[in-house]
Amino acid sequence: MDRFPLGLIVLIVVSLLIFFGIAQRALDRMRLSDKGALAVILALIVGSFINIPIPGTPVPLEINLGGALVPVGLAVYLLTKAGTGKEVTRALIASGVTAVVIWFIGSRIMTGLPEPAGRFGFIDTLYLFPIVAALVAYIAGRSRRSAFIGATLGVLLADIANYFYLVQNNATNTTKSIGGAGAFDSIVISGILAILLADLIGEARERLQGGPTSEGKPDALLAGLRKPEFGRKKRDDKPRDDKEMRRKSEREEADPFED
Amino acid sequence: MKTKQFFIVLSILMMFAGVGVVGYLGLSEAVLPAWNPASVLSNDDVDHMVGKAISIVDAKGSVISQACRVSVGDEIINHKGDYYRVIKVDKNRAVAKSLGKDKEFLAWNEYLTDERLAMAAANRQGGTVGVYHTHTDEAYVPSDGKESIPFKGGIYDVGRSLVNRLEQKSATRVLYDETPHDPHDNAAYQRSRRTAMKLMQQNPVALIDVHRDGIPDPGYYRATVSENKVSQLRLVVGRQNPNMEANKDFARRMMAYANKVHPNIVKEIFMAKGNYNQDLMPTAILIEAGTHTNTKGEAERGVALFADAVPVVLGIEGPQRQVPGGGITQPGADGGGGWRAVGWILGLTLLLGGGFLFLSTGSLKGVADRLSGLGKEFTNYLGPIHKIRQRAKKPGGDTKVKKKACDNTADRAVIDQRDEVTED
């Protein structure tokens, strides 16, 4: 790419920065610290270059570290960190439903002779998958984390289904790659966009409803929603220091939607 | 609580109803009429559906193009440089509004003079191009017998024709990836994304995704170009791509140059809904080599002629470099499309980011607070240093600090209590 004009180089740099910046901000909303999210991003980038062939499979199969193992690992980690069994069940059901829906829309509805994207190719699968995952996760559990889990595992399941299709059709001349596009794979992009979309849906719904519900919620959760007073005078609105920041992030965590 | 659940269910039902209504009003007109919902469940119908084309007409009613699927907002730049945008789609007819001549295409056309073409031919250098097929089952009915042969469609022969010509006629190194991405559906782009990325890791100058169209009329693409009976090409640029302007610019350059070398080999540029993995690279392009009713030979000859233009356009052998005395406008040569795409991306980020902030804080004041807090969040990485510095600045005993510490403890207590409750 040595002859790319400056405009294109700036374009590539800017889009990379924005993509990874957004990804970091999105992952930050999971059960990850700022640094943790940054570490995941680095793992995604470095892992993009590592393909792990799986031996002994009827159709050659390879799994990318950054495009599949890291996001799926993160999803599994989030599952293990889930508060209740109910949450885990909901997230897993959401993943299953997501997989079925994206297969149905991507491979059943948007298919056929019409070029370049089949009948009803109204939206690219790159955007379709996260939209489906976010909606399903929101209906199933109103959860950002579940949206991420649903998107990554859902796309992974759709890939596994495609692998079985290849095996069934004896397509031995191919190498099935899962997550081969690394940090830009649909598994990663779906996960990240799904977090943001679920957040957007949740916030929008809460606004429409006129603020988060507080009725019947544990006091400790509510403490995060309103500023603790503790005999202090009315606080000024400016965030003053890291204490304020911490309280803000705690409040975010206590968002009933997240759990 | 029960009324709340009722409202939730009601709202979901309302949303479904809304989607249904919008779908009925919006989609039913924009898509093929011959769709039977049950066909979604049956394989045969989908893969062997006879292609139907929508004619795209201008305001006067004369046909300017044909495509399988057209939606409002799709754009066309034809080989003469006429620019159209689809404004209405009926059952088998779409109306496009003329946007006049595409100035940038015309400027490219003007820029590529005979001298520059000659210079380009004389000046040869190496470079790398990636070629792959997203729909690997695509085939040509007159030559292959049917329009879809899973895993080994006739499109491979067309791809090989392009690759061979590129390798023979120029010093271009071609990375040809024959990984199949079946079945033939939209998700194939998700699968071919991996192939495209694999090619990109070898640092190509451009990525070409070779397809064939699905319109039934072979005459639409059939032509005699440079004394060869060929099927012409259509370049497709995806609109659902933040880098679209850059890819569009590349397509313009491609069409302008290819048509200078072999007049009319590229029929038009079509900007359709989709992404087609063009976000991966500003020089990624999708080509439709004829349609399934053309013969494979026509398509093979067509892409071979197109191949003659590729190396130069990519700058591999290029007139893109400054030519002494060449004073004509040089649009896009410095990446004009690239800059516009940067603008798009930044604009979208600002718009969405702003909307997101507004929504999540609920007021403009909240947005300001969040933004001012953003800087602090980054200083978190330097947290300890920051604190040490602060301590150094403010010696102990300050009442303010003490009060802060007191508040901190109180906050901590609340948080701890909350954690205890939620941790189960």
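Guide: A helix here is a DSSP run of H or I, at least four residues long, numbered from the N terminus. The model is predicted.

Visitor: What makes residues 125–141 of chain A helix α5?

Guide: A helix needs a run of at least four residues. Helix α5 of chain A has 17. At 1.5 Å a residue, those 17 residues should span 24 Å, and the end C-alpha atoms are 23 Å apart, so the two values agree.

Visitor: What follows α5(A)?

Guide: R142(A) comes next. Its phi is positive, near 50°.

Visitor: How do you know whether α5(A) is enclosed or open?

Guide: Count neighbours. A residue is buried if 20 or more other C-beta atoms lie within 10 Å of its own C-beta. In α5(A), 14 of the 17 residues are buried, so the rest of the structure largely encloses this helix. For chain A as a whole, 45% of the 259 residues count as buried.

Visitor: What else does chain A contain?

Guide: Chain A has nine helices and three strands. Along the sequence, the pattern reads α-α-β-β-α-α-α-α-β-α-α-α. Take the contacts in chain A between residues at least 6 apart in sequence: 69% of them join residues at least 24 apart.

Visitor: What makes A194(A) stand out in the largest nonpolar core?

Guide: Its contacts with other members. The core has 146 residues, and A194(A) and L235(B) touch the most other members. Contact means C-beta atoms within 7 Å. Beyond its neighbours within four places in sequence, A194(A) is in contact with residues including P130(A), A133(A), A134(A) and A137(A). F148(A) and G150(A) are also among them.

Visitor: How do you know which strands of the chain B sheet are its edges?

Guide: Start with the order. The 11 strands form an open sheet, β2-β1-β5-β4-β3-β12-β11-β13-β8-β6-β7, with mixed pairing. The edge strands are β2 (63–67) and β7 (172–177), since each pairs on one side only. Neighbouring strands are turned by 30° against each other on average, direction ignored.

Visitor: Why do β3 and β4 of chain B count as a pair?

Guide: Pairing takes at least two bridges. Three bridges join β3(B), residues 75–78, to β4(B), residues 82–89, and the two strands run antiparallel. E75(B) has R85(B) as its bridge partner in β4(B).

Visitor: Which helices lie across strands of chain B?

Guide: Helix α6(B), residues 155–169, lies across β6, β7, β8 and β13, at about 165° to β7(B). Helix α9(B), residues 296–307, lies across β8, β11, β12 and β13, at about 145° to β13(B).

Conventions. Residues numbered from 1 in each chain as written. Chains lettered and ligands numbered in written order. Predicted model: local features only at pLDDT ≥ 70, side-chain atom pairs only at ≥ 80, totals over all residues. Expected span 1.5 Å × (residues − 1). Buried ≥ 20, exposed ≤ 12 C-beta atoms within 10 Å, placed from the backbone. Contact = placed C-beta atoms within 7 Å. Core = buried A, V, L, I, M, F, W, Y, C linked by C-beta atoms within 7 Å. Axes fitted to C-alpha atoms, helices over the stretch in contact; angles between N-to-C directions.
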